[in-house]
Amino acid sequence: MPADQPDAGAATSSHMMKTTKRGRPFLKDTLDLFATLIVSLELGPHKQFFRTFPNSFSTDEACLNLASLKFSQSNRGPDPREPSRIVTTTTTTTFSMTREMAKAMCQHFMDARLIENAADPSSNLFKDRGVYVLTPKGLHVLERFISKNGINSDHISNVFATQPICMKLLHLERRSSDDEIIVSQSVITTLFRRFVGHKPNYPPQSQGQLDAYQQYHERSKGIALMDVQDKAQLGKTAMTHKYCFAAVSALEWLCDFTSVVGREEAAEMAAQFVRFGLIQLVSDKRKNNDSAIIFTVRGSAPGGNSPVSQHGEFRCTAKAIYRVTDEGRRVARWDTPNRGPSSRDSPNASSANLASTERSSIEDSTETSAGPAADAPNAGEAKIQRRISIHEKLNGSYDADSKKSGKESNTDRLKKILEDPMLRSLFREFLRGNFCEENLSFWLDVEDFKRKFSITSSAVASTRPTTGKSTPGQAAMERHHESLIQTAFQIYNMYLAPASQCELNIDHGLRNELVAYLSEVMTGLTGKAFQGRVELEQASAFNATQLQTMIRLYGRIQTHVFRLMATDSVPKFIKTPKFMAVRNWVDDDDNDAPGGGHTSYAPTHPPGLEDAEEVGGTYVTVSQAASEKRHRQREGWTDKPL
């Protein structure tokens with residue numbers, strides 16, 4: 001049960017976590033609680049069955065922390081009554097649950113493929129005495145949570161450096177009322193294309209020789225396919241079915257690479273594939289006494305020659321084999337010749353365009369063997385817009401509808417480079433070769449500094465009452481303030497101090513303004529004349545308002561550096577052979593996302609807005625750590641901790 005505590009001495013409120021009709025917590029609550037738990041744990045080596053598992057935790061540790069887990073978040077901003085002052089607002093959320101409830105919560109984490117049994121990854125049950133590790137999907141979710149909430153993650157940095165991370169996670173938007181996936185033809189089209197990949201994914205013959213990173217990368221390309229041959233019968237020749245896959249493997253893949261929260265939900269999505277004519281049952285050779293779980297989804301069909309039927313059925317048995325149909329191959333665009341960036345249509349195009357004229361055929365109710373689901377809302381007609389692809393953005397060939405000149409196109413290109421981890425890493429290499437890498441490093445360091453100044457969070461397990469005067473949130477904020485002071489002057493001493501290690505070549509007026517401010521403040525604090533460099537011990541008395549002024553001055557220099565990179569470095573960078581090669585590869589991956597472009601931002605139609613129609617959609621989030629690690633591997637670098 002979470003309880004919000006806005007400030008010490010302020011009123012508190014308690015409420016039960018929202019659950020769906022299936023009994024699981026809403027997805028957002030599940031992901032937030034999972035990440036809060038992991039941040040509060042001290043992941044380390046644990047032994048089980050004569051083996052040692054690094055970066056793991058035990059059942060007892062998880063249950064103990066969940067019994068009394070505190071998440072504190074502090075936000076800085078100007079005082080509404082006096083904008084020159086900075087005020088800090090701290091909110092503490094406490095989760096309290098029994099051991100049995102904590103185990104049930106951890107079972108939800110397993111179902112969502114956020115954690116797995118270290119000794120037996122195939123096990124689907126959270127055991128009373130087990131050792132668990134994070135999955136690649138769990139690491140992706142954790143990375144986003146840490147970045148969004150400004151959490152110090154030094155104690156778990158080794159996990160990100162030594163384990164595979166899901167690079168791109170496809171999110172399926174949900175209804176705010178019951179947290180069910182909003183199913184539409186465009187959603188199923190996008191999900192299916194991600195599921196089968198850009199081309200048929202037949203595992204390489206040397207699969208057994210691949211390490212964990214390589215095996216995971218092969219899986220991420222799409223469901224592993226195989227050819228299945230029927231036994232020859234009397235008077236009939238044996239038939240070979242191409243593009244086949246096991247039903248159980250499909251469920252595992254959907255749980256690992258999308259936001260579905262369990263095999264039941266994955267089976268419903270697979271049943272939608274059947275209903276839309278994208279896959280077809282080849283065989284199910286289970287014995288008569290073997291149990292069979294069959295999921296069925298229903299909806300209206302447009303009629304005529306449409307491959308969409310009124311219902312779809314998916315068999316979740318160990319022996320069930322499905323294949324990709326001719327319609328599935330067409331939707332996946334496997335057979336499109338010379339698929340180049342300019343010839344790729346949107347997942348919301350072609351058959352997905354039926355959404356605007358045949359809405360009744362794609363807003364479905366879902367039924368399973370566990371019980372009927374609620375009817376989907378009548379979403380009405382939704383305008384489907386095509387997103388600009390990375391290829392078009394980087395080449396300045398799209399219509400931006402307003403004031404786009406040559407210089408501004410370079411600005412747009414630089415923004416896209418800075419947003420994409422792969423391109424950003426390549427851009428850094430280019431700048432290093434031209435002896436101006438410090439420009440990018442300064443811009444990124446200031447951007448990170450600004451984010452950390454605005455928000456900070458901490459998660460701790462409070463197993464006994466605190467006796468000190470300060471709350472966990474206040475203590476975290478004090479530590480965070482010390483860290484901010486250290487970061488502010490590390491940036492100054494690294495890039496802006498006279499004869500610094502990576503001294504920037506910036507406008508003389510900007511440098512003088514910063515030096516004048518530091519001279520005034522440091523002279524007031526120490527009583528001594530400013531000598532051009534700042535020792536951290538001298539700056540310990542800096543307050544939040546002074547730090548905000550530093551951020552404002554850094555921001556002006558950051559803008560100057562950005563313009564310098566856009567006008568001088570970007571035009572040269574986009575002509576390099578390495579950029580051209582990586583750009584095409586990145587653009588090919590963009591096809592995973594709806595509308596032909598991936599994003600690491602919020603959904604286009606966020607659920608939960610009052611008086612707003614909820615229209616289904618998808619979006620992709622990208623792991624920066626995984627992207628940079630993969631870029632190093634593509635360049636043939638040795639893998640180093642991130």
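Two strands are taken to pair if DSSP finds at least two bridges between them. In this predicted model, strand β3 (residues 44–48) and strand β4 (residues 51–58) meet that condition, being antiparallel and joined by 4 bridges. β3 and β4 form a hairpin in which 2 residues lie between the strands. Within the pairing, histidine 46 is placed opposite phenylalanine 53 of β4.

The turn of this hairpin contains phenylalanine 49, in the loop between β3 and β4. The phi angle of phenylalanine 49 is near 55°, a positive value in a residue other than glycine. Most residues other than glycine have a negative phi. The relative accessibility of phenylalanine 49 is 62%, and the residue therefore counts as exposed. Threonine 52 belongs to strand β4. With a relative accessibility of 46%, threonine 52 counts as partly exposed. Leaving aside residues up to four places away in sequence, threonine 52 touches Pro45, His46 and Lys47. The C-alpha atom of threonine 52 is separated by 9.3 Å from that of alanine 119, although the two residues are 67 residues apart along the chain.

A positive phi is also found at arginine 333, which is not a glycine; the value is about 65°. Arginine 333 is located in the loop between α10 (326–332) and β16 (365–368). Its relative accessible area is 7%, and arginine 333 is therefore buried, whereas phenylalanine 49 is exposed.

An open sheet is built from 4 strands in the order β10-β11-β15-β12, with antiparallel pairing. Its edge strands are β10 (226–229) and β12 (279–284), each of which pairs on one side only. On average, and with direction ignored, neighbouring strands of this sheet are turned by 50° against each other.

Among the helices, α6 (residues 185–196) and α9 (residues 263–275) pack with their axes 11 Å apart and at an angle of about 100°. Angles of 65 to 115 degrees count as roughly perpendicular, and α6 and α9 are therefore roughly perpendicular to each other. On the α6 side, the contact is made by Ile188, Leu191, Phe192 and Phe195. On the α9 side, the contributing residues are Met269, Gln272 and Phe273. By class, the residues of the contact of α6 with α9 comprise 6 nonpolar, 1 polar and no charged. Residues three or four places apart in an α-helix point the same way, because the helix has 3.6 residues a turn.

Helix α8 (residues 247–257) has 8 of its 11 residues buried and is therefore largely enclosed by the rest of the structure. The buried residues of α8 are Ala247, Ala250, Leu251, Trp253, Leu254, Cys255, Asp256 and Phe257. Trp253 and Phe257 also take part in a cluster linked by ring pairs, together with Phe192, Phe195, Tyr216, Phe245, Phe273, Phe314 and Tyr322. Of these cluster members, Phe192, Phe195 and Phe273 are also found in the contact between α6 and α9.

Rings of Phe, Tyr and Trp are counted as a pair if their centres lie within 6.5 Å. By this rule the model contains 23 aromatic pairs. One of them is formed by phenylalanine 126 and tyrosine 132, which are stacked, with 4.4 Å from centre to centre and 20° between the planes. Phenylalanine 126 and tyrosine 132 are both buried.

A further pair consists of tryptophan 443 and phenylalanine 562, whose ring centres are 6.3 Å apart and whose planes lie at 40°, so the pair is tilted. This pair links distant parts of the chain, 119 residues apart: tryptophan 443 is in helix α14 (residues 437–454) and phenylalanine 562 is in helix α17 (residues 544–573). Residues with under 20% relative accessible area count as buried. Tryptophan 443 is therefore buried, with a relative accessible area of 15%. Phenylalanine 562 is likewise buried, with a relative accessible area of 13%.

How values were computed: Residues numbered from 1 in each chain as written. Predicted model: local features only at pLDDT ≥ 70, side-chain atom pairs only at ≥ 80, totals over all residues. Heavy atoms only, no water. Axes fitted to C-alpha atoms, helices over the stretch in contact; angles between N-to-C directions. Parallel < 35°, antiparallel > 145°, perpendicular 65-115°, else oblique. Contact = heavy atoms within 4.5 Å. Nonpolar A, V, L, I, M, F, W, Y, C, P; charged D, E, K, R; others polar. Buried < 20%, exposed > 50% of the residue type's maximum accessible area, 1.4 Å probe, protein only. Phe/Tyr/Trp six-rings, centres within 6.5 Å; stacked < 30°, edge-to-face > 60°.
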